[in-house]
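Subject: A structure for you to look through

Hi,

Here is the structure I promised to pass on.

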Amino acid sequence: MQLKKIALAAAVAAAGLSALATSTLAQAQAANEQFIPLLVYRTGQFAPLGIPWADGKQDYLKLINARDGGVNGVKLSFEECETAYDAAKGVECYERLKGKGTGASGFDPQSTGITFAVTDKAYNDKVSIETPGYGLSQSVDGTVFQWNFPLLGTYWTAADVMLQDIAKKEKGSLKGKKIALVYHDSPYGKEPIPLLQKKAVADGFELSLFPVTPPGVEQKSTWLQIRQQRPDYVLFWSAGVMTPAGIREAQASGYPREKIYAIWWAGSDHDVKDIGAGAKGYNAITIHNSAAKDKVHDDLKKFVYDKNQGSGPATSVGTLAHTRGMMISMLQVEAIRAAQERYGKGKTLTPEQVRWGYENLDLTADKLKALGFGEVMRPIKTSCQNHMGTDWARIVQWDGGKWEIKSDWYQADKTHIDPLVKEFSAKYAKDKNVTPRSCS
């Protein structure tokens, strides 16, 4: 009996030592890895957009590990957390992942609503929020929003570019025109309204607003009103299941698809491919060269998909949403790389150190070419004052079978945008008792 007790005690001790060793090994591995949280929505109303977006983000991180061995030797670890585009779930994911490993190297919430919900938390937790092409438009102002980075563009810059392209078709003037906004009735869909209202007064066009109740499958009454009011153009702030539903209703009501301008989240392959010729003429704005593939796509095939380690089907590689997901992870990786230049190559970084990298991005044409993105996007440079960087956008059009580029690159006219940024960021600072920092 005594021998059995001794043996049992030895077994328990051995198990404890094994568990301790495993735990210590896991901690050591975590200490040598840079952790990136991946908030995703593979389920819910926006899943058709969210799935290839999530695959693209994860695939690029896999590529960096497989091809480069990480960032200057520091491997990237990551973990997905499903939000279903729900703000409460997004907050739960944020809270669970913000302190993992060496600390979160910035969150891409994939939702304007979640961005609203975690912005205050990020300020207190000192964790970056990366929102390329979405989020709070006023967070361009880095003096107030020190932890938010709406890289590449915002919904205000998008709306301005859409109007520029429409004006070009209308011989340079929107005066007397009717422009409708059909939008997802959520923080996401409402974001462009302040800018559009300012532009309507300044440019002399009539603005009509048509909110669509989420998820947006039922839009018949909206497009019947569009048919009755006959606006000259429709701006379409949609995503997920709402997009093909809206295009089909526009087709059924006889509204010309070439008169519709969709935001970038409503301009992906899955939005139109099943409609085919019925969506011909449908326009969308994009923050990258949607028709182009580059070396990064070839490398992804060679180092990840040919080894059966891709996150999704190989057919999604090169689609708009997948490429945009890779772009987002690339910006995050380059923020880490920039921060290593300051704090030490080959070192893992704290969230605060990574934030410095976001604020000091300088991706020139040559750097983008070396990264394999030279044909995909334009250069970007951020600063303490400007957390968006230079915004570039262009218009693409569905020809019934593929997307075609229909414009050169635009930059938004900041005449009305900059005062709005100042006004809204000042209000936020006052409401939240935030003292703007000096960037001098």
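Predicted model: local features only at pLDDT ≥ 70, side-chain atom pairs only at ≥ 80, totals over all residues.

**Helix α2 and its partner**

Let's start with α2, which covers residues 47–68. With 22 residues at 1.5 Å a residue, α2 should span 32 Å, and its end C-alpha atoms are 31 Å apart, so the two values agree. Helix α2 is mostly covered, as 16 of its 22 residues are buried. Just past its end sits Gly69, with a positive phi of about 70°.

How do we describe two helices that pack together? We give the angle between their axes and the distance between the axes. For α2 and α11 (residues 295–303), the axes come within 10 Å and cross at roughly 70°. The two helices are therefore roughly perpendicular to each other, since angles from 65 to 115 degrees fall in that class. Their crossing is left-handed.

Which residues make the contact? From α2 they are Asp59, Tyr60, Leu63, Ala66 and Arg67, and from α11 they are Val296, Asp299, Leu300 and Phe303. Sorted by class, the residues of this contact are six nonpolar, no polar and three charged.

**A second pair: α3 and α4**

Next, find α3 (residues 87–97) and α4 (residues 112–125), which pack at an angle of about 30° with their axes 8 Å apart. That angle makes α3 roughly parallel to α4, because angles under 35 degrees count as roughly parallel. The crossing of α3 and α4 is right-handed.

On the α3 side, the residues that meet α4 are Ala87, Gly90, Val91, Tyr94 and Glu95. Their partners in α4 are Gly113, Ile114, Ala117, Val118, Lys121, Ala122 and Asp125. By class, this contact holds seven nonpolar, two polar and three charged residues.

**Helix α9 and its surroundings**

Helix α9 takes up residues 242–253, twelve in number, and reaches 16 Å from its first C-alpha to its last, close to the 16 Å expected. Its buried residues are Met242, Thr243, Ala245, Gly246, Ile247, Glu249, Ala250 and Ser253. What do they pack against? The strands β5 (178–184), β6 (206–212), β7 (233–237) and β8 (260–262), together with helices α8 (220–229) and α10 (269–272). After α9 comes Gly254, whose phi is positive, near 85°.

**Two residues in loops**

Phe205 lies in the loop between α7 (193–203) and β6. Is Phe205 buried or exposed? Its relative accessibility is 5%, so Phe205 counts as buried, the cut-off being under 20%. Setting aside neighbours within four places in sequence, Phe205 is in contact with Leu163, Leu174, Gly176, Lys177, Ile179, Leu196, Lys199 and Ala200.

The other one is Gly344, in the loop between α12 (320–343) and α13 (351–359). Gly344 is buried too, with a relative accessible area of 17%. Now try locating Asn72: it is 272 residues away from Gly344 along the chain, yet their C-alpha atoms are separated by 9.8 Å.

Enjoy exploring, and write back with any questions!

Best wishes

How values were computed. Residues numbered from 1 in each chain as written. Heavy atoms only, no water. Helix = DSSP H or I, 4+ residues; strand = E, 2+ residues; numbered from the N terminus. Expected span 1.5 Å × (residues − 1). Buried < 20%, exposed > 50% of the residue type's maximum accessible area, 1.4 Å probe, protein only. Contact = heavy atoms within 4.5 Å. Axes fitted to C-alpha atoms, helices over the stretch in contact; angles between N-to-C directions. Parallel < 35°, antiparallel > 145°, perpendicular 65-115°, else oblique. Left-handed = near helix turned anticlockwise from the far one by under 90°. Nonpolar A, V, L, I, M, F, W, Y, C, P; charged D, E, K, R; others polar.
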